[in-house]
Amino acid sequence: MNPDLSRLQSYPFEKLAKLKAGVQAPSQLREINLSIGEPQHPTPAFIVEAMQKALISDLGKYPTTKGVLALRQQIAHWLIERFPELSRVEIDPEQHVLPVNGTREALFAFAQCVIDRNAKNPLVLMPNPFYQIYEGAAILAGATPHYLPCLAETHFQPDFDAVPAETWANCQLIYICSPNNPSGTLLDKATLKKLIEKSDEYGFIIAADECYMELYADEANPPSSLLAVCAEMGRTDFKNCVIFHSLSKRSNAPGLRSGFVAGDARVLQQFLLYRTYHGCAMPLAVQTASIVAWAEQSHVKANRDLYREKFALMHDILSPVIPIEIPPASFYLWQQVPMDDTEFVKQLFATQRLTVLAGSYLSRTVDGINPGKNRVRIALVPDVNDCQEAAQRIRHFLETF
């Protein structure tokens, strides 16, 4: 067995299941789950119909790892349409775009491809709290995870200026997440530019997890992308910069397992080689459905409107009893609570039959500090009525605990 498997920690939802084990929640209440970031809005019918039609003819064909040209062209078109800065540079569907089976699979596989495990003390930097795939990917690639605290005083994003030169020198890969999971905060263009300059100085690769990019609060100010900043800097080759996007959140299609990576052609060429051996080609019917999903934008706007409505409900109901800060993007509340986060989660379920995720389960304790301590992640993924009822239950719990 790979000895590094023993270094992997339990997944947050395994810890959550153990925490809730044996707890008797009120049977008269209907269970509401706000712990997992799985969109519950209906998948648009036109995506489902496109896939159903494609299944008739495409199940008898092997897909290629690189994906069909039509999908890569549509993704390139979407990138230029979504991020106008990219119109200044060439997005070549043959070199700069690669379909993947969702960002989870790609974020993990990417580290296996780009890490040189024979180097002395290879590091993979990541935000803390973080998507646990980053950590597992680093460990199984033969590197050491290095956690960058995301605290209130740094707007829940890493303070890259506080990273010592020795750490940058050993860094081979850094995962960034903007919009951030769990806080929904954004890395601004100036910060991304400084990070790119650090990459030029030390030679590490930047993997930008942007899978929440299309769920933002201000319709007039959509978040920007790492590649857009590259274009503004005149970096036509996107050197050492790769972004990860998905249809799961944007189009309410988590079961489609469809996303893409885009950026540095040199890096993607090696990633394609890795994936060819990995055996993870996207099924042709999924590619067909993905083409129509990336081509249509109105359903994404409607999706954002629903999340805005739910955030507003949560704010209106909860703000009288606890400070609520609506994030600029994502569908999470990264909420501070007035007790230990695991006890809050346990008691909330025990009294209200409502599940949220303990913030400390998403974080690691470094130098005595766990950035998720006394915070919970609340995923506003159910429908509006369920979110309204959930907010009322949380309020009742806070008023009576």
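This is a predicted model: local features need pLDDT of at least 70, side-chain atom pairs count only at pLDDT 80 or more; totals for chains, interfaces and linings use all residues.
**Close-up views of the cavities, pockets and cores**

View 1. Residues are numbered from 1 along each chain as its sequence is written, and side-chain values use heavy atoms, with hydrogens and water left out. On a 1 Å grid over the protein atoms alone, a cavity is a set of points where a 1.4 Å probe fits but cannot get out, whereas a pocket is an open set with protein on both sides within 12 Å along at least five of seven lines; lining residues have an atom within 4 Å of a point. Points are joined across faces, edges and corners, and a volume is the space filled by probe spheres set on them. By this rule there are three cavities of 30 Å³ or more. The lining of the largest cavity includes Leu-318, Ile-322, Gln-335, Phe-344 and Leu-398. At least two lining residues come from each of strand E12 (375–379) and helix H14 (384–400) (DSSP runs numbered from the N terminus: helices are H or I of at least four residues, strands E of at least two). The lining divides into nine nonpolar, one polar and no charged residues; Ala, Val, Leu, Ile, Met, Phe, Trp, Tyr, Cys and Pro count as nonpolar, Asp, Glu, Lys and Arg as charged, and the others, Gly among them, as polar.

**View 2. The second largest cavity has a volume of about 50 Å³.** Among the residues that line this cavity are Ile-176, Ser-178, Asp-209, Glu-210 and Met-213. Five nonpolar, two polar and two charged residues make up its lining.

**View 3. The largest pocket holds about 510 Å³ of space.** Of its 26 lining residues, Ile-36, Gly-37, Arg-104, Tyr-131 and Lys-249 lie nearest the centre. Helices H1 (12–20), H4 (103–114), H5 (132–140) and H9 (247–250) each supply at least two residues of the lining. The lining comprises 14 nonpolar, six polar and six charged residues. Because domain 1 (3–42 + 298–400) and domain 2 (60–296) both give residues to the lining, the largest pocket lies between them (domain bounds come from an automatic or database domain assignment).

**View 4. The second largest pocket holds about 410 Å³ of space.** It is lined by 17 residues, and Phe-156, Glu-325, Ile-326, Trp-334 and Arg-375 lie nearest its centre. Strand E9 (residues 332–336) gives the most to this lining, with four residues. By class, 10 of the lining residues are nonpolar, five polar and two charged. Domain 1 and domain 2 each contribute at least three residues to this lining.

**View 5. The largest nonpolar core contains 47 residues.** Such a core is a set of buried Ala, Val, Leu, Ile, Met, Phe, Trp, Tyr and Cys residues joined through side-chain atoms within 4.5 Å, where buried means under 20% relative accessible area with a 1.4 Å probe, protein chains only. Leu-79, Leu-86, Ile-174, Ile-176 and Ile-206 touch the most other members of the largest core. Helix H8 (residues 226–232) gives the most to this core, with six residues. A second, separate core of 33 residues includes Ile-32, Ile-322, Ile-378 and Ala-391.

**View 6. Arg-275 lies in helix H10 (residues 265–278).** Arg-275 counts as buried because its relative accessibility is 0%. Not counting residues up to four places away in sequence, Arg-275 touches Thr-65, Leu-98, Pro-99, Val-100, Asn-101, Glu-105 and Cys-280 (contact means heavy atoms within 4.5 Å).

Terms used. Buried means under 20% relative accessible area, exposed over 50%, partly exposed in between (1.4 Å probe, protein chains only).
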